[in-house]
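User: I'd like to learn how to read side-chain contacts in a model like this one. Could you take me through them step by step?

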Amino acid sequence: MNRLKQSARSTSALVPVLMMGVTFLAAPAAGQTADPQPATATATATATATDATPQADAPPGGDIVITARRRSEDILRTPVAVTALSSQDLAVRGVTTINDIANFTPGVNVNNNAAGRNDRSFQQVIIRGFTPSAATNPTSALFIDGAPVASPSAFSSISDPERVEVLKGPQAAYFGRSTFAGAINVVNKVPGDVLAGSVGGMIGTRDNYKLHADLEGPIFGDKLTFRISGDRFSKNGSYENKAVPGQTLGDQKTNSGTVMLVAKPTDRLTIKAFGLLSEDKDGAPAQGLISAYTITNAAGAVVVPGQSNCTLTGRSPTGAAVSNPFFCGKAPKLSSTTPSSNTTNDSVIQDFLANPNGRLVNPDDGVQGYGLVRRYYHMHLGADYEVGDTGVTLSSLTSYNNERYSQLSDLDNYGDTTIANLTPGGRSYFDFPYLVERINRDFSQELRASYDQGGPFKASFGGSYLNSFSQGGLGGGNGALGTGAYASVVSGATRSRTFGAFYGLSYAVTDKLTLNAEGRYQIDKLYAYAQPTGYTATTDLFVPVGFYAGGSKLLNQNYKNFLPRFIAQYQATPAVMAYASYSKGVNPGLFNTAFLTYSVAQQNLASAAGINVAVSPEKVTNYEIGIKGRFFDNRLRMSLDGYFAPWRSQINAITMNVVDTVTNTTQIIRGSANTGAVDMSGIELDGTFNATRAIALNFSAALTDSKIKKFQNATVTAYSGITDFSGNENPNTSKYAATAGGQYTGDIGGLDGASWFGRVDYSFKSGMWADAANLVKTRVSNTINLRTGASQNGFSIEAFVNNVTNNRSYTTIADASVFTNNFRYSTYNSALIVGLPDLRTYGLQMKYRF
């Protein structure tokens, strides 16, 4: 009852703001008489996307049709918080990656930083501040045409989608598992029955380039059509490796291809098949080390300067007070010694990577030096059948994902060779190369029946099944790589089988009031298996004592949840709609299995830190109100929403370094646990304004607030001394964010059908805390991008400057420990790892459509 009262108070605080807006805006603007009819799904943008350059005589705005509830709806009549970027929006803003989506969507962040690594193998999409504990346990999910995908890298492989929809808040009823905080759905263009295509390329500073080609058309008239595309992208990083002059950090390369077939054997049956494959080959990542301690070599020369600006009173494992230098306030700027990474691909590294023992990924398919190799495959098959004139449509959606990656990092994050290695069997100098590998694959099937005859009642019912498999491998260190205790080790696999039954009901009570009831009943079956070499449990701390053969089941757990959503929407005028909703979300539990390969003493330390094998699901209840509408003769389009969302049984990551004083090595123990409760709340604004037929403006803003109610993390308490985190904010997310863009479009005199445009985009994000202690955070980020271009008869050319002001604000921040040859500073957090942005980039791109 107290929770309900608290949520009611928090939500009611937003009601006056929203309802004042409804009252003020409900009256139609002068000349506004009727609500325009929604456009078809093939014309969602303000103008056609034949060229990236919009036409000067384009209308002031076409309706954007989205599929947030698995049916085509006008975005301004959909009672869900959604940000949609059309094909044209993506093109003129230069959006090509999931990070770009986050930059242009307030309330969304992407975190690539964990366990001393900041690269594309680790990408957390954070919506509304719901920071996931790990990349393997996301709080939001990605989809292509409504089919789940396993990796954010899939977004970059779809080079010319119809649109991208960012759905905020729990989306369990229509999108299922792992849509705890929201979902991102990429909608493909459907190929036409006329042969068409495009070729294009981009060149930019730092050997930045991209090549693209696509072709679509008929195979058998309009009964069977196809679309194929291929892309190649490459860039050098923005930062020189201080340890290897002339070498850059942050190099990335991606090759990808897609194919789509659309069959319409009858007027009532449509079948769509889509396949995607991509390969990433990246160099050592661009990340900076900020150390609280000064590290010197035997000669006394400074290798890494200490940059601590405060001293904390932490706690030792016995509870005694300890003095810990750390950072308070804004994170310091990088020193002159970083970014730095040992990327020497000598015989030690080559032999380690060539050794198949303990490897999850075949050495021939894995990384061959420092960096990342990832291969990803996705395919889905959808079918829709209209049953006569009944208004009933039967749908099926089948999908499969397979992702595997191999990544080698210099985990000490400084490329020095003058500090002696004190561990026998390793290199003569201290270094800490570390290999991380993972395989993820899943299969899903959804069957759905929908009813819509244009009347007041609409409905959908269905069932779904998901079978997901995940397994990791890791290893490395400063010892005898590949020959002793430091060989890579494959952990036990985990599997989840999710069964769901869902429904969605909508009834227009009057011509203004519509009530919606949606829900999903979900059963999650989780399994943990022994590592391939077998597992001997000598303590019953986590599982019964005994020997478990490789791949045998260690334990399993079942969870059952009902996830409802109720929405009331009120069409105040033909152009203005208000809504209120109540929903629940659940993020499936998980198993920690990697630390079971460690010694009994290390397992005891993990248990003391709060890490157990089984982790229960985290849950959220979301209360939301909002308004959407068109104003001033359809020139202004705006949506405004507010939400309050108590997050309970929050899953948090726990990382600790265990130093073995006998062998002078350190073991990184990482796991997750239900250690938190947070109240999330916020306000989101999104809109466009067509001032004239030539001038178009867009704007958005978000307040993403969080208040920690309960939090436990032995590692954070050990370095900070803080035991009460209540009132603090969630880490890794920006509390304040805003974007603004302006574009001028005009005709080019004397050239038939030629037009040009100039555009500026601005993005603001406030700083992010490194952890729940709220001691150190990044500085605010201000990014400005400029673009200009011209087009005529299918040919377009554009020039752009990204990050005009050379903004260097860190993109991510995470606690870490600074490694030395005796690991004296590794017991407590003693450093920060920060992600580095791409610096100012000039570029030119051309495209020809035929």
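User: How many aromatic pairs does a search of the whole structure find?

Analyst: This is a predicted model, and the search finds 22 aromatic pairs in it. To read a pair, look at the ring centres and then at the angle between the planes, where over 60 degrees counts as edge-to-face. Take Phe819 and Phe823: their ring centres are 5.8 Å apart and the planes make 75°, so this pair is edge-to-face.

User: Are Phe819 and Phe823 buried or exposed?

Analyst: Buried means under 20% relative accessible area. Phe819 has 3% relative accessibility, so it counts as buried, and Phe823, at 2%, is buried as well.

User: Which residues do ring pairs link into a cluster with Phe819 and Phe823?

Analyst: That cluster also takes in Phe430, Phe432 and Tyr434.

User: Where does Arg128 lie, and what about Arg441?

Analyst: For a charge over a ring, check the distance to the ring centre and the direction from the ring normal. Arg128 sits over the face of Tyr643, 4.0 Å from the ring centre. Arg441 is over the face of Phe469, at 4.2 Å from the ring centre.

User: Which residues does a disulfide join?

Analyst: Here you look for two cysteine sulfur atoms within 2.5 Å. The count is one disulfide, between Cys310 and Cys328, with an S to S distance of 2.2 Å. It links distant parts of the chain, 18 residues apart: Cys310 is in strand β22, and Cys328 is in the loop between β23 and β24. The torsion about the S-S bond of Cys310 and Cys328 is about 80°, so the disulfide is right-handed. Cys310 is buried at 15% relative accessible area, while Cys328 is partly exposed at 27%.

Key
Residues numbered from 1 in each chain as written. Predicted model: local features only at pLDDT ≥ 70, side-chain atom pairs only at ≥ 80, totals over all residues. Heavy atoms only, no water. Phe/Tyr/Trp six-rings, centres within 6.5 Å; stacked < 30°, edge-to-face > 60°. Buried < 20%, exposed > 50% of the residue type's maximum accessible area, 1.4 Å probe, protein only. Lys NZ or Arg CZ within 6 Å of the ring centre and 35° of its normal. Helix = DSSP H or I, 4+ residues; strand = E, 2+ residues; numbered from the N terminus.
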